Structure formats: structure tokens, C-alpha cells
Amino acid sequence: MFLNKSLHPLYRYQYLLIRYRKTNKNYSITSSSSNNLNSTMKSLVDSKQYEKALKLFNEQSQISTDFTINMAIKACTKLHDYQQGVNIKEKLSPKTLNNPYIQTSLIHFYMQCHKVDHGYHLFSKIVNKSNPMYASMFKGLITNNMSEKVLDLFDEMIIEPDSVTLTVLFNACAQIANNRAMKIGKNLLHKMPTNYQNNNVLLNSAIDMLMKFRDIENAEHVFQSMKKKDIISYNVMIKGYATNEMSEKALNLFEQIHLNLDNVTYIIIFNLCAELANDRAKNIGKKLLVEMPNNYRNDNVILNSAVHMLTKFGDMEGAENIFRSIKKKTIINYGRYVANEMSEKALDLFEQIHINLDHVTYTIVFNACAQLANDRAKKIGKKLLDEMPNNYRDENIVLTSAIHMLMKFGNVENAENIFQSIKKKDIITYNSMIKGYVANEMSEKALDLFEQIHINLDHVTYTIVFNACAQLVNEQAKQIGKKLLDEMPNNYRDENIVLASAIHMLMKFGDVKGAEDIFQSIKKKHIVAYGALLNGYNSNDDPSKCFKILTEMQDLDIIPNEIIWNILIGACSQIGMLLKGQYIVDQIPLHMQTKKQIQNSLIDMWGKCGSVKNAEDVYKSVSDRDAITYNAMINTFGRNGMGFEAIKLYREMPNNLRDEISHICILNACSHSGLLDQAQIIFNEIPIKTERIITIMIDCLSRLFVFDEAQKLIDDYEKTNAPYFVMYMALLSGARNNRNMTLSEKIYNRMKTLFPDQKQGLLSGSILLSNVYSSLGKYEQAKNLRYHEKKELGVKVKIGLSWTEVYGELVRFKAHDHSHPRSSEIYAEFDRLSSILIKYNYKFDSTWITRQMNEEETIESVLCGHSEKLAIGFNLIQKPIPEFIQITKNLRVCGDCHEFTKLIAKFYQRNIIVRDANRIHHFYPNGQCSCQDHF
């Protein structure tokens, strides 16, 4: 905002007038009437009474001079009154039309009225082009979001740019900030005449440009070279530091200021303190607010920033006091409340407005409605859009906000209609549409639209498209995403937000190495990039790497935020190890542990680690429990085989908090505890039975081999809905446990007919069917099925993995793994154990062998190679053997391993927890399991 002061039209017209008078020594006012008219017109324009100025001009145009005409064109420019400006232009004499000052004003007029072609046409006809003309063209192109064309036009410039033109060029280079802009901008700065090096306006623009280039060192050099720094110079530097995520440096510089602060300083510092929100920022921000002079306490923009800052500090009372102190509240004041999720208040004020709305009001109200997206917001937003005057239907900013709102409403068709109506679409408009498609899970449409863009992309485009590719994860998405990343300009390769999205995308593609390479390339890593990397490790079944990254962050003094802690808690949930969970919890700051999202995540984590007591302790500490809190605890009980406790809590849960997840969790708890009667009672009570709720009930029935009722639920569902793959998988899983070959074949063949494109799922189904064949001794049939289906479907079988933690070491095993340095000891231990357990009447169960054995293999060698047994074996070769053994497996545990683990727990008198893909098994020293063999 402060940079634009130097380019204010008043400055240009004063400059033009002085030049005009100097070069036209014979200039005189031949008529006192004309002189009076000029003086009055200037006064009216200076006082922003543009309508009165034009009225006076129209009444006395017969005595107007070129100066008067300049004032009239300026008034038309300010009012964006294109028609009247054209009328004035058409009445001008050839002599006046050839006046360079009139030509400059007309260029400015055309550009500000968004008639870029007309501006170009006039400029191209001028023979002797001046610096003010170039400056007007450059400024106009920037205003019309065509900064690249500034550089094109500059390449054609045959005169040396003056200080004003240089200032505009620096601004254009700052806005573009690509390789070409960096080269031109730095070259202009290097060649800048020495007599300009005391021009603060010009140097401020240069600093801003260098900061946008992320060339901090040269920006600091220019700043230090300034002999008389003004407050604008400090503002530019501080804002540059903040933009480059160097907030501490920004505050250091602020504390060195010994000049009177202006409104921009207050706004920048309040926003900076809001972003940091640490103890230092709070001290500086609150002190600055207390000491702020009274003349700034009526400045709505400053007070909005103060409200935002105090809200970020968690000082809601202070924020409310500042807000109430604002004498004349406008919709813009509530616009800050929109940013702080107080959109209802913004709409309350909007409904009290009885004046004509401007483009800012439309934008804010559309954004407020988008944030709320409730019935009231939809009604207000759609009505406002329908009644919006035509003169705002060419305003890209307004229409982009409308598109964003409609997309939030899920009204994609109307958003598309608005988009199509925009004549000159800019990159922000495309971004809004693509983001809307992604939010509405229409990523294919998002990518189709992206491929239609023929204008320069900005950092937001890269971020959104990477996210769209991450959501879609098909061949088209992979091709587009990787191509976009390869061709991304260098100036975006230091943008943490953009690169975090790229890391997220590559992780979703399964390209962990590519994601790690991007992460390592970031010079100054922001916490957002760390979050993307950590989340990617979790999604790629490699959560153990998260702990190494946490150590790296701590070494670099990067303090994890709530998002990072949640991701790390998620890593512990995935690994399922109590010691790892406790390790992370011990490092989470106490004030962070009182945040509800953290508490909910901890309940889920402890539940997945098998510690129901720890989960309950966290649950009891939550004062304002929400649906997620109850659901996490119900799910914890269910996973750990405590079905009755889950039912009790479900009954205690307020009805208004129960949602689809609540019903799924309780039915799942009943299913894993064999509580069919209770499940049926709850199922019948559920008012709206969704696809997933019905699926869980089918799973419950199938686990207890009540196949007729399970099939009936499927048949009833399909009377009004398309078949759902997971329902058939639940049914097939039950048939496999029942070793019901006929039913398993029937279900699998129907799945192939109904879901030919569900290749990964069908492969899992074929494995279940082949398991049935193997369990019945039909090994050749099982082998042929697996081979045929794997070849036909063209997808890979998921590898069985098991993790265990022993004395601080987290170890992972695959089936028949020999990669561990102590593998020979593990297998030797199993040979010893097998002979001991056989004496206790243990017999290896060959029905769990799912393939034909090789000649050199035995039933014992095949079953002892299962990954969960290897993980247990690793614990048993330790000296001393751990008092408590814990295993996590990514697939379901087999029946033989289940029976084997019961005997191990009894033989060694150890508690053993094994978490598989479905539930958590607690094996006790008495040789029993918490699942009561129901798994």
C-alpha cells in the first residue's frame, strides 16, 4: 500500500504540469474565466469531488484548456466512467490529442478502465514516447494483472527509464518474481544512475523487489546504503522479512526504529505478532497497542489487525474490547471476524446495511457465506448474487469470491456458469475453480481445467494442482503432477507451501524417495514442509521415520505445532507400540495436551497401542467432550474386545452427538466381541442407516456365520442403491472363516461380475477364496486361482509386515525374513520352541497354509516364517526376555499364529499384545486371549 503512494496520479499530474510549464515558456492563461475554471477543477479533483468536477467541466467546456481537460480525464479515471471519458476524448482537437500530457492521461484512463487494447493502440501511435507514457503503460499493465507484458514492453523501450519508470519496473519485477524478472530487475538496479541512490521512493521499491526475489542479502545492502531512512523504508524491510519467514529479524529491526510510526507499521507489526504468537510477539504486540497514539484509534484497518492479533493470542476479551471501541463499524471490520471464524456476526451487520454496496462488501459477504455454508448463509449469498448489479459482473475479485462461495455450497453448476461468464479470466479465477473442484472431490475436472490454462501460473496454482493430483492418484494425475513439478520455475522452489504440496503429492504417488529429495532441496525448511514429510511417511506405512525427523527438528530448534504433534501421535497409533507412544507424549508440552484435538488423538493412540487405561485417563480429562471424543473411546473399547464397556459408553453418549462414526464404532465393537443380539438392537434403533453402517452389520452377521441375514441386508440395500464392494468382502471374509467353499466361490464370482474395476480389492478377495481351498487341502486349486487372478488383475499382493519394539529398538519383519543380523538365532529359537510345545500337544495347523509347499519345506517351516512369529521370536532371544511383548501386524493374524501366541504367553508367563488389521489381541499368562478366539 505504501509503495503505491509514490505512483499516485496526483504526483504524476503535478510532475507533468511542471514539465509542461517549463517546456512551454509561452504558456499563459489568456482568460481569467479559464484560469478560474482550472483552479476550481483542480480543487474539486484534489478533494475527490469528481462528479462535481465533471459537471463543472461539462457546463464550461467551451473555455477549457488542456489543463482543464487533464483534470476532467483524471476525474473520469477515478470514477471509472468510461463512457464520459470517451465522450471527452472524441471532442478533442487534433492539437490537444497530440499533447503528450493529454496522451499520458488518456493511456492512464484506458488502463484503469481495463481497456488495455485501447491503451496499447494509443501508445503505439505516439512517435515520441516519454517516460511518463511508459510509466502509465507499465502501471496499467500491472493493474490489469499483465505484469509479464510490462517486461515485454520494457524490452522495446529505447529511452533510459527515469526514477518514476524505474519504480514501476521494480514493482512489476517484484510481482512476477520469475527468472526473467529477477534478471531484468537486478540488472536495472545494478545500472541505476548514482543520482537516484538518494531517492527513497525508488530504493524502497528496489528493496521490495529483492525481498520478493528472496534475495535478503542484497535487500539488506540497499537498506543499509540509504542515508536517510524513512518509515516506509523500515516498513518495506520488516514486511520483507516477514514474507521470507524471518519473523525474529523483522521484530529485531522494528525495535531499532527511532522514527514516528505510520499506519502501515502498526498493521505490519500487529499481523507479524499474530503470525508468531510466541511470548516475545505477545509482549511487543500488546505494548505497541497500549502505546498507540489516539489518532490511530479510529483507523479501522489498524484496529482490524489488532483484533486479529489479540484473537491469535487467545485474548478474546481484549479483541472484543477493541472491536467495541470502533465507533463506525463497517462490513470490513467484520471481514476480520470472517478471518477469525465469526462470520455470523458479519452477516448480522450486513443485514442492517441500508446503503449501496460496493465491491468490497460483496467480496466480504460472499466469503462469510462461504465460510459458514449453512442454510442462512446459502440464502443470503444466493440472493445477494442474484441481485448484484451488472457493473460488478466484470469485477474478477467479486466473481472469484462468488465462485468460491458457490463451490463451498456444493453448487458446482452455478459456479461453472459464473466462471464461463468472466470475459478475461485471470489466474486467481482459475485457481478458485480448480480449488472448488478439488474440495467437491471432482479432481478429474480440476485437472481438465488446469490443462486449459494458457496464462502464467502463480504459487497458488502449483499448490492446488499438486493437491488435486494427490487426491486423484491415477495415471493422468501422476503424469500431470510430475510434469508440472519438473517444469516449475526456480523462483517457486524455495516456496515452502508449494513444495509441501509437492511432497504430499509424491507421497500419495508412493514416491517416497522423490518426496525426500524435494524436502532435502528446501534451503530454509518451514514447519509445513516437515508436516508434509511426516504425514507422507505415515501414509506409506513407514511411521518409524517420523521419530528421526522429530529429532532433526529438535536439533534445529524447530518447535512442533499442534499439527505436527497430531501427525506424530498418528505415527504412534500406526506403529501401536506403548513405549513409542509414551516417548512422544512425554515431549508434548502440557499446555498442548489440554487441546481437544490432541486429547482425541491420544485416546485413539492409546487404544491402538492396547492401553485402555491410558485412553480412559485422557478421556476423563476432557471437559467438553464432542462426538470425536466419544467415538475414539468407544472404538478403543471395541478394538480391545471390551464390547460391553463400548455399549455402556454409547448409551451414555448424548443423542445429539451421535453421528455415523458413532454407530459404526459401536457395531464394530459388538462384531469383535460376538455380541450379535446387542448389535441388532442398536442397528434397529439407528434412524438413518448409511452404506457403511449396513456394511458393519453385515460384517457382524458374517463373523457369526449368519449368512442368510447378511445376504438379506445386501439384497434390501441393492433394491435402491448400487452394489457396494465392501459389503461383499465382509460376507466373503465370514465364509472364509467358516471354510464354506461353495458360498465363497459364489460370492467371489458375483464380485467379479459387479466390480470388474476394483482390481486391488478383487485380488484380496481371491486370496480369501484361495485360503478356503488351502484350508480344505485343495492346494493346486488355490495355487491356480492365485496365479490366474494375480496375472489377470495386474496388481501386487500386499506384503505381510510385523513390528516390535525391544529395549528402544523398533524392528520390522516380513514373512520368512532373513535380513535381520540375528535371524539365525530367531529361527533356532523356533526350532527349540516347536519341539517343546509339541510335547504340550501343540500341533501346527496346516489349514492356514495358503499356498502349495515346496519340496524342501515342512508345515512347521512355513508357519514359523510368518512375520508375527518372527517378531515374537526376536523378543524371546533377548537377555533378559522383556516382561511385556508387543507386536503390530498390517494384515490379519492367522489362526495358527493366534494359537501359538497363546501357548508362548503361558509358557513364558508374559503378557503379549498383538494388534492386527482388525483388532487388538491381549494374550495373558493363563494362555487365554481377550478376543475369546473370536477374530
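Predicted model: local features only at pLDDT ≥ 70, side-chain atom pairs only at ≥ 80, totals over all residues.
Close-up 1. Strand S1 covers residues 801-806 and pairs with S2 in the antiparallel sense, over six bridges. Two residues lie between S1 and S2 in this hairpin. Tyr-807, in the turn, has a positive phi of about 50°.

Close-up 2. Five strands make up an open sheet with mixed pairing, in the order S2-S1-S3-S4-S5. The edges are held by strand S2 (809-814) and strand S5 (920-923); each has a single partner strand, so one side of each is left without a neighbour in the sheet. On average, and with direction ignored, neighbouring strands of this sheet are turned by 20° against each other. Strands of a sheet pair through backbone hydrogen bonds, in either a parallel or an antiparallel sense.

Close-up 3. Lys-879 and Pro-880 are joined by a cis peptide bond, with omega near -5°. Pro-880 is part of the loop that runs between helix H52 (867-876) and strand S3 (884-889). Strand S3 stands between S1 and S4 in the sheet order S2-S1-S3-S4-S5.

**Close-up 4. Packing of helices H11 and H12.** Helix H11 (residues 163-176) packs against helix H12 (residues 179-190) at an angle of about 150°, and their axes are 9 Å apart. Angles over 145 degrees count as roughly antiparallel, so H11 is roughly antiparallel to H12. The two helices make a left-handed crossing. On the H11 side, the contact is made by Leu-166, Leu-169, Phe-170, Cys-173 and Ile-176. Helix H12 contributes Ala-181, Ile-184, Gly-185, Leu-188 and Leu-189. Sorted by class, the contact of H11 with H12 has nine nonpolar residues, one polar residue and no charged residues.

**Close-up 5. A positive phi at Arg-214.** Arg-214 is not a glycine, yet has a positive phi of about 65°. The loop that holds Arg-214 lies between helix H13 (200-212) and helix H14 (216-225).

**Close-up 6. Packing of helices H39 and H40.** Helix H39 (residues 612-621) and helix H40 (residues 627-639) cross at roughly 165°, and their axes come within 10 Å. This angle makes H39 roughly antiparallel to H40. The crossing of H39 and H40 is left-handed. From H39, the residues in contact are Val-612, Ala-615, Glu-616 and Tyr-619. From H40, they are Thr-629, Tyr-630, Met-633, Thr-636 and Phe-637. By class, the contact of H39 with H40 has six nonpolar, two polar and one charged residues.

Conventions: Residues numbered from 1 in each chain as written. Heavy atoms only, no water. Pairing = 2+ DSSP bridges. Helix = DSSP H or I, 4+ residues; strand = E, 2+ residues; numbered from the N terminus. Axes fitted to C-alpha atoms, helices over the stretch in contact; angles between N-to-C directions. Parallel < 35°, antiparallel > 145°, perpendicular 65-115°, else oblique. Left-handed = near helix turned anticlockwise from the far one by under 90°. Contact = heavy atoms within 4.5 Å. Nonpolar A, V, L, I, M, F, W, Y, C, P; charged D, E, K, R; others polar.
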